[in-house]
Amino acid sequence: MGHQEQQDNSTNNGTLAAKPPLLTPYKMGKFNLSHRVVLAPLTRQRSFNNVPQPHAILYYSQRTSKGGLLIAEATGVSDTAQGYPNTPGIWTKEQVEAWKPIVDAVHAKGGFQPNGQAPISCTDKLLAPQVRSNGIDVAEFSPPRRLRTDEIPQVVNDFRIAARNAIEAGFDGVEIHGAHGYLIDQFLKDQVNDRTDQYGGSLENRCRFALEVVEAVVNEIGADNVGIRLSPYANYCEAGDSNPEALGVYMAESLNKYGIAYCHMVEPRMKRVAEKGETPHSVVPMRKAFNGTFIVAGGYDKEDGNRAIAENRADLVAYGRIFLANPDLPKRFELDAPLNPYNRPTFYLPDPVIGYTDYPFFEPTA
């Protein structure tokens, strides 16, 4: 792992052509990235019985470039952490062993790959039925069970053990999923967190669980192997907040004391799945508050991403749907090649090929 060999930047007339910002190298702690195009964590629902499958080896290796950063799909830390069917876990030996050939395939191509009974929650409020991400099916949710205060240390410990298992499986690090209505996000948001103990009420109290998880994971595997994903402005699964900027800035400032590798922040324009809207809000205040590497995500295209880097609004840009549809996305950006369109109805099929490993690579015409 390390720097990609420096490419020839000269043009035919002998002058130097500057690389687009997204394709410039970046040093993230101990990781030397050759470009700034990151694979966002994408739930694929193809891990049957919560065990990663051999077809994931091809999926992730297709999207690997030398010195590129891949963030694996959201991965459960315990048997109570499954939000959707057929999502992978990392709490059993079988799951750890199943991840190993996937991680090995990514490393073989020179890539970096870091990685949540009744569903447990910060609350026992029932979640209203919602249209799934495919835009067709309607999800009905069973009532959640409010975690007792004395149970929370065990859940924190589940994250710690999962982080250790991830390193055993060969991952370079882990990303703590604190976004998009997952358990940590539920604790963070005042529109869902109705607790009256030390984990609810004030901003400090609502952030306590997230920071306890960060501290436990950092203590287990080292701060330079840890990132976190946050979506203060999002309202996934009714997990919204009345003052998202204050929440985002407080978390960014609080994370500094742990010295983690990066903070991955979802743009406020992505309030719900598949919806991108105009907004006066920005994650720039969080960018300024956080001392480490700052990754942004949320409906970026190539030009938008280049601007974010050039204007110092981010260090790295994570791509989801267009990276799914274009396994060679960094190369296409480099060649200014056209992009495959993504096919939303196939995003969450259980099929090991369709909508998963069947998107074509770019073939230049003679």
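A disulfide is here a pair of cysteine sulfur atoms within 2.5 Å, and by that criterion the structure, a predicted model, holds zero disulfides.

Figure 1. The structure as a whole holds zero disulfides.

**Figure 2. Strand β9 and its two parallel partners.** Strand β9 spans residues 226-230, and five of its five residues are buried, so the strand is largely enclosed by the rest of the structure. Val226, Ile228 and Leu230 point one way from β9, whereas Gly227 and Arg229 point the other way, and all of these residues are buried. Strand β8 (residues 174-178) pairs with β9 in the parallel sense over five bridges, and within this pairing Ile176 has Ile228 as its bridge partner in β9. Strand β10 (residues 262-266) also runs parallel to β9, to which it is joined by four bridges, with Tyr262 of β10 as the bridge partner of Gly227.

**Figure 3. The β-α-β unit that contains β9.** Strand β9, helix α6 (residues 244-255) and strand β10 together make a right-handed β-α-β unit.

**Figure 4. The largest nonpolar core and a separate one.** In soluble globular proteins, nonpolar side chains tend to be buried together. The largest nonpolar core in this model has 83 residues, of which Tyr60, Phe209, Met251, Leu255 and Tyr319 touch the most other members. Helix α5 (residues 203-221) contributes the largest share of this core, namely 10 residues. Apart from this core lies another, of 15 residues, among them Leu33, Ile71, Phe112 and Ala318.

**Figure 5. The surroundings of Lys302.** Lys302 has its place in helix α8 (residues 302-310), and at 15% relative accessibility this lysine counts as buried, because the limit is under 20%. The side chain of Lys302 makes a polar contact with the side chain of Asp336, at 2.2 Å. With neighbours within four places in sequence left aside, the residues in contact with Lys302 are Leu22, Tyr319, Phe333 and Asp336; of these, Tyr319 is also one of the residues that touch the most other members of the largest nonpolar core.

Methods. Residues numbered from 1 in each chain as written. Predicted model: local features only at pLDDT ≥ 70, side-chain atom pairs only at ≥ 80, totals over all residues. Heavy atoms only, no water. Buried < 20%, exposed > 50% of the residue type's maximum accessible area, 1.4 Å probe, protein only. Pairing = 2+ DSSP bridges. Right-handed = clockwise from strand over helix to strand, strands pointing away. Core = buried A, V, L, I, M, F, W, Y, C linked by side-chain atoms within 4.5 Å. Polar contact = N/O pair within 3.5 Å; in protein donor to acceptor, adjacent residues only side chain to side chain. Contact = heavy atoms within 4.5 Å.
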